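User: I am new to this structure. Could you show me how to read a few of its features?
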Amino acid sequence: MEELEHTCPHPRTTLTEPAIFATETSCDCRAPHEKLSITQARRGTPVDRPVRVYADGIFDLFHSGHARALMQAKNLFPNTYLIVGVCSDELTHKYKGFTVMTEHERYEALRHCRYVDEVLRDAPWTLTPEFLEKHKIDFVAHDDIPYSSAGSEDVYKHIKEAGMFVPTQRTEGISTSDIITRIVRDYDVYARRNLQRGYTAKELNVSYINEKKYRLQNQVDRMKEKVRNVEEKSKHFVYRVEEKSHDLIQKWEEKSREFIGNFLELFGPDGTWKQVFQERSGRMLSYALSPRESPCNSPPRELSPLRSPSPPSPPARWYNARPSPPTSPKGASALMSSMSEGDEDEK
């Protein structure tokens, strides 16, 4: 009996192209599809084909929480082929509500996720045994929180009972509902932003009065931004002036300290000027008290033969000095009396 080989597609090893779209029969393998347990799949068996894991959802406003869930599903087993089912707009609007992105936009968003090997368009809301057999799905990956919808408390209850459910962890703090809540909460902000970017009031479904109000608010915001820019520039200018003035004051203080130090060094109590003055005063006083003598080796002065040396004059005494002639009679009489008194003293 001829043994049939598996022809299941192998996991992608490159990220140069987006994931493929599933056809009517995503696995054309003629070999029987053996039912695997989670233990077998985690051991890497069977070795001739990957473990086919299915994850479905709406994936509206595709975000990091979606990507992390698909990453967990892709890494459940050593050799995993991840199929992602995306529900259509018709089913989503019927069972969950209106979406922001269209189904085609959501399909394309999933195709460009690095963890996805195949995208199944128009996925069913509830997984039937026939659907699982048709696409030869081994396990279904989803978070473990009961998903109540379409009149059922948990649409994955029968999958869990069959042992085909593998749980993933939700990423807290991020979800499509949270993003929509932010948009609704800050509706005025986003409406004003899009009006400023060129969208019309009709495209934004904004009334005429609200349009004028938003445009006025945009003008006020632009004026505030200009004032804020002027304030920032003025603060920067003032800061630079203060910095320059601080540098000038610091330089002035340094120069003043240098000038005072030089002044004290020159004119202080023990300064250079006092020492120079004392040295010069002492030198002048010594010159006055003991003048310099003639050099010893100077030639003697020769006397002329025609002239005889004059006798030495007697030492002058102050009391022998004759006074100068008087200029007035009274002065003359006073002079005569003083001279007579001097004669008497000599006698």
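Analyst: Start with burial. Buried means under 20% relative accessible area. Note that this is a predicted model. Here F77 is buried, and F139 is buried too.

User: Is the pair of Y95 and W125 stacked or tilted?

Analyst: Planes under 30 degrees apart count as stacked. The planes of Y95 and W125 meet at 25°, with centres 5.1 Å apart, so the pair is stacked. Y95 is in helix α3 (residues 89-95), and W125 is in the loop between β4 (118-121) and α5 (129-134). The pair therefore ties together parts that lie 30 residues apart in sequence.

User: Is W125 buried or exposed?

Analyst: W125 has 11% relative accessibility, so it counts as buried.

User: Which charged residues sit over a ring?

Analyst: Look for a charged end above a ring face. R121 lies over the face of F21, 4.2 Å from the ring centre. K160 has its charged end over the ring of F165, 5.0 Å from the centre.

User: Which residues touch the most other members of the largest nonpolar core?

Analyst: A nonpolar core joins buried residues through side-chain atoms within 4.5 Å. The largest one has 23 residues, and L70, F77, V84, L110 and V116 touch the most other members. Elements giving two or more residues to this core are β2 (51-57), α2 (64-74), β3 (80-86), α4 (103-111) and β5 (139-143). Apart from this core lies another, of 16 residues, including Y54, A123, M164 and F165.

User: What does L110 touch?

Analyst: Leave out residues up to four places away in sequence. L110 then touches F59, F62, L70, V84, V86, V116 and V119.

User: Where is H63 found?

Analyst: H63 is in the loop between β2 and α2. Its relative accessible area is 12%, so H63 is buried. Setting aside neighbours within four places in sequence, H63 is in contact with I174, S175, T176 and I179.

Technical notes: Residues numbered from 1 in each chain as written. Predicted model: local features only at pLDDT ≥ 70, side-chain atom pairs only at ≥ 80, totals over all residues. Heavy atoms only, no water. Buried < 20%, exposed > 50% of the residue type's maximum accessible area, 1.4 Å probe, protein only. Helix = DSSP H or I, 4+ residues; strand = E, 2+ residues; numbered from the N terminus. Contact = heavy atoms within 4.5 Å. Phe/Tyr/Trp six-rings, centres within 6.5 Å; stacked < 30°, edge-to-face > 60°. Lys NZ or Arg CZ within 6 Å of the ring centre and 35° of its normal.
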